Amino acid sequence: MADLLARRRDPAVVQIVRSTAAATIAYVVALQLSSEPAPLTAPLTALLVVQVTLYSTLTTGIRRVNSVVVGVIIAIAFSALVGLTWWSLGLIILASLVVGRFVRVGEFVPEVAISAMLVLGVTQVTNTAWDRVLETLIGAIVGLLFNIVLVPPVWVGSAGESIEALARRMRLLMLGIGEELTTPTPVAHAAAHLHEARRLDNDVAEVDAALRQAEDSLRLNPRVKEEEGVLHRIVLRTGLDTLEICAVVLRVLARTLTDLAKERTDTELFPDDVAIALEDLLARVADTLVSFAVLVTTEVSADADAADERLAGELRAARAVRDHAADLLLQVVQRDPRQWQLYGALLAEIDRILDELDLEHRGRRLMEELDRHSRERAERRPRLSALRDRLGV
């Protein structure tokens, strides 16, 4: 039962149910209003218009209707001059794709050509053309009303889960790297960690897609106040930006250890005491990454204070272990200065991650983003901003 309830809130499940219902309703309405015996354009339009968020539905619906109407007009113009031949088909496709770029229908440029071809290929061109426009409008309106009456959910929770999952994947990679420092490390093993770190780019892209969906779900959503939606977006977006920077630094760290493994094929990377200290340091930094992700996803909830304290404590512990490891590395360099630059690079990369996760750094970043958003809003709506300033809101 718990698994069933969880699936009920899954974005894919919600999208399937909403799209099916909207397409069916659009078809029923089109049967009553269109002269076509099977007005399939209406459910097709509703299927393509209805998205997970109200904001996407509005923007998609406008572009979709625009693309269909433009395609129909092009087909009517061509039908008055030529019939359907191989060269006229090619010409109408070319014209539709070119015109589609100018009318700014976004990703629906191919739909301009599709509409024109479908209308050009029928016998009763004029009647069918306007029936297609009518069916498109029905589908778009049904899809829009569907999301206005049944407001889509807010996907902040799923985006937060994606951010935490990314941090946990990074943690596992850091733990794996740390565990191999206490044993002889073949170059192939170090390179495998480097390849795994590079694959984090794909994970970041997936989380970014989930976050963009969450940001869209907050726009124009009557369930969410504007200020609350802005705060959610900025908190999650800056959190993902920080994790993305840490992922890049982690990839550089894996590159440093791979270079060190190439230079020390005949011996261990570090003496035992240094390796143990570095393993402990990487483990603490890995835990700090997860605590940061938890803070990001709870920063606007009642658990934010506890998450803040936990992250602050882990940062202090990680920096203490870092200083201890740095002292041990300095002793190693004084005895054997080979590859000293790689040791320094390793510490610099760990410092960069800790600096990115620092609470003061995050606070400044949030304030900068909030100020930037306020400036952009004031530039877009100067009169409304001036009125708010006078009223003190």
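Which residue does a polar contact of 3.5 Å join to glutamate 356 through their side chains? The partner is histidine 361, and the contact runs from side chain to side chain; a polar contact here is a pair of N or O atoms within 3.5 Å, where within protein one must be able to donate a hydrogen and the other to accept it, and where residues adjacent in sequence count only if both atoms are side-chain atoms.

## Basis of the report

This is a predicted model, in which local features need pLDDT of at least 70 and side-chain atom pairs count only at pLDDT 80 or more, while totals for chains, interfaces and linings use all residues. Residues are numbered from 1 along each chain as its sequence is written, and side-chain values use heavy atoms, with hydrogens and water left out.

## The chain as a whole

The protein chain has 16 helices and 0 strands, both taken as DSSP runs numbered from the N terminus (H or I of at least four residues for helices, E of at least two for strands). Of its 393 residues, 44% are buried, where buried means under 20% relative accessible area, exposed means over 50%, and partly exposed lies in between (1.4 Å probe, protein chains only).

Contact means heavy atoms within 4.5 Å. Among the contacts in the protein chain with a separation of 6 or more, 79% are accounted for by residues 24 or more positions apart.

## Helix H8 and its partners

Helix H8 (residues 156-180) packs against helix H12 (residues 272-298) at an angle of about 180 degrees, with the axes 8 Å apart; such axes are lines fitted to C-alpha atoms, for helices over the stretch in contact, and the angles run from 0 to 180 degrees between N-to-C directions. H8 is therefore roughly antiparallel to H12, given that angles under 35 degrees count as roughly parallel, over 145 as roughly antiparallel, 65 to 115 as roughly perpendicular and the rest as oblique. The residues that make this contact include Gly160, Ile163 and Glu164 of H8, and Glu279, Leu282 and Ala283 of H12. Sorted by class, the residues of the contact are 15 nonpolar, 3 polar and 6 charged, where Ala, Val, Leu, Ile, Met, Phe, Trp, Tyr, Cys and Pro count as nonpolar, Asp, Glu, Lys and Arg as charged, and the others, Gly among them, as polar.

H8 also meets helix H9 (residues 187-198), their axes coming within 11 Å and crossing at roughly 170 degrees, which makes H8 roughly antiparallel to H9. On the H8 side the contact is made by Leu173, Gly176, Ile177 and Glu180, and on the H9 side by His189, His193, Glu196 and Ala197. This contact of H8 with H9 has 3 nonpolar, 3 polar and 2 charged residues.

Glutamate 356 has its place in helix H14 (residues 340-357) and counts as buried, at 7% relative accessibility. Once neighbours within four places in sequence are left aside, glutamate 356 is in contact with Thr242, Ile245, Cys246 and His361.

Tyrosine 343, also in helix H14, belongs to the 1 aromatic pair that a search of the whole structure finds. Its partner is phenylalanine 270, and the pair is tilted, with 5.5 Å centre to centre and 35 degrees between the planes; rings of Phe, Tyr and Trp (its six-membered ring) pair if their centres lie within 6.5 Å, and planes under 30 degrees apart count as stacked, over 60 as edge-to-face and the rest as tilted. Phenylalanine 270 lies in the loop between helix H11 (226-263) and H12, so the pair ties together parts that are 73 residues apart in sequence. Phenylalanine 270 is buried at 1% relative accessibility, and tyrosine 343 is buried with a relative accessible area of 3%.

Alanine 23 lies in helix H2 and is buried, with a relative accessible area of 13%. Its C-alpha atom is separated by 7.3 Å from that of glycine 139, 116 residues away along the chain. Serine 34 sits in the loop between helix H2 (11-33) and helix H3 (41-49), is buried with a relative accessible area of 9%, and makes a polar contact of 3.1 Å, side chain to side chain, with glutamate 135.

Glycine 61, in helix H4 (residues 54-79), counts as buried at 9% relative accessibility. From C-alpha to C-alpha, glycine 61 and alanine 140 are 5.5 Å apart in space, although 79 residues apart in sequence.
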